[in-house]
Amino acid sequence: MSTAPAWGLVVETTMGTGERKHTEAQVVAHVAGSREEALAELERRARSYSPPHPLSPRRRRLLRVGDGFLLVVDGAWQSFVTRFTVAELLTDSAAPRAPEPEPEPRPEPAPEAEAAPPAPADARGPELDADGVPVRPAWLGRRDLP
């Protein structure tokens with residue numbers, strides 16, 4: 001059984017101004033389903049996105065590119081770009097682990113036939129320790145010894 005791929009919706013936007021201008025990226029959402037479904041959600045987000053810069057936008061252009069969209073907003077002195085990309089999620093180190101499958105129940109052992117009563121202590125032989133030495137000396141408890 002195959003599962004639908006998961007898609008990450010990535011937004012890369014221009015932050016800062018002047019010489020401190022740089023791009024920051026973040027995954028804003030995940031979409032399970034087809035690439036087309038992920039692109040539709042990404043387009044919805046791109047159309048409603050309001051970037052932090054410029055403070056006084058003069059012109060706003062949303063362009064479709066291969067894996068998503070490009071939003072170009074012109075300010076009074078500079079243009080600012082936000083890139084919206086859909087990318088297939090291959091691994092995620094922070095994803096919750098799948099639950100472990102329940103172990104299969106083991107069959108109950110068949111009941112044994114009536115066990116024979118234990119043999120008398122004399123018939124079993126002496127109890128031995130790990131070295132093979134009797135735990136109880138043979139002479140202990142004999143009445144015929146002085």
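**Aromatic pair, salt bridges, core and surface**

Me: Let's start with aromatics. How many aromatic pairs does a search of the whole structure find?

Reply: The search turns up 1 aromatic pair. Keep in mind that this is a predicted model.

Me: Which residues form the pair, and what is the angle between the planes?

Reply: The partners are Tyr49 and Phe84, with 80° between the planes and 5.4 Å centre to centre, an edge-to-face arrangement.

Me: Where do Tyr49 and Phe84 lie?

Reply: Tyr49 is in the loop between helix 1 and strand 3 (59–65), while Phe84 belongs to strand 5, so the pair ties together parts that are 35 residues apart in sequence.

Me: And is Phe84 buried or exposed?

Reply: Phe84 is buried, at a relative accessible area of 1%.

Me: OK, on to the inside. Which residues have the most contacts in the largest nonpolar core?

Reply: Those are Leu9, Ala38, Leu39, Leu42, Phe69, Phe84 and Val86, in a core of 14 residues. So Phe84 turns up here as well as in the aromatic pair.

Me: Which elements supply at least two residues of this core?

Reply: Strand 1 (6–15), strand 2 (22–32), helix 1 (35–48), strand 4 (68–74) and strand 5 (79–88) each do. Helix 1 gives the largest share, with 4 residues.

Me: What does Phe69 touch?

Reply: Leaving aside residues up to four places away in sequence, its contacts include Leu39, Leu42, Glu43, Ala46, Leu62 and Phe84.

Me: How many salt bridges does the whole structure have?

Reply: The search finds 6 salt bridges.

Me: Where do Asp67 and Arg35 lie?

Reply: Their side chains meet in a salt bridge of 3.0 Å, N to O. Asp67 is in the loop between strand 3 and strand 4 and Arg35 is in helix 1, so this pair ties together parts 32 residues apart in sequence. Asp67 is partly exposed, with 43% relative accessible area, and Arg35 is partly exposed too, with 27%.

Me: What about Asp74, which residue is its salt bridge with?

Reply: Asp74 pairs with Arg61, and their closest N and O atoms are 2.8 Å apart. Asp74 lies in strand 4 and Arg61 in strand 3, so the pair ties together parts that are 13 residues apart in sequence. Asp74 counts as buried at 14% relative accessibility, whereas Arg61 counts as partly exposed at 29%.

Me: Which residues are linked in a network of salt bridges?

Reply: Glu41, Arg44 and Arg45 are linked that way.

Me: Last topic, the outside. Which residues form a nonpolar patch on the surface?

Reply: Trp139, Leu140 and Leu145 do, with about 320 Å² of accessible area together. Trp139 is in the segment after helix 2 (121–124), and at 55% relative accessibility Trp139 counts as exposed.

Methods
Residues numbered from 1 in each chain as written. Predicted model: local features only at pLDDT ≥ 70, side-chain atom pairs only at ≥ 80, totals over all residues. Heavy atoms only, no water. Core = buried A, V, L, I, M, F, W, Y, C linked by side-chain atoms within 4.5 Å. Buried < 20%, exposed > 50% of the residue type's maximum accessible area, 1.4 Å probe, protein only. Contact = heavy atoms within 4.5 Å. Patch = residues over 30% accessible without salt bridge, like charges linked within 9 Å, V, L, I, M, F, W, Y side chains within 5 Å. Areas by Shrake-Rupley, 256 points an atom, 1.4 Å probe, with all protein chains shown as cover. Salt bridge = Lys/Arg side-chain N within 4 Å of Asp/Glu carboxyl O. Phe/Tyr/Trp six-rings, centres within 6.5 Å; stacked < 30°, edge-to-face > 60°.
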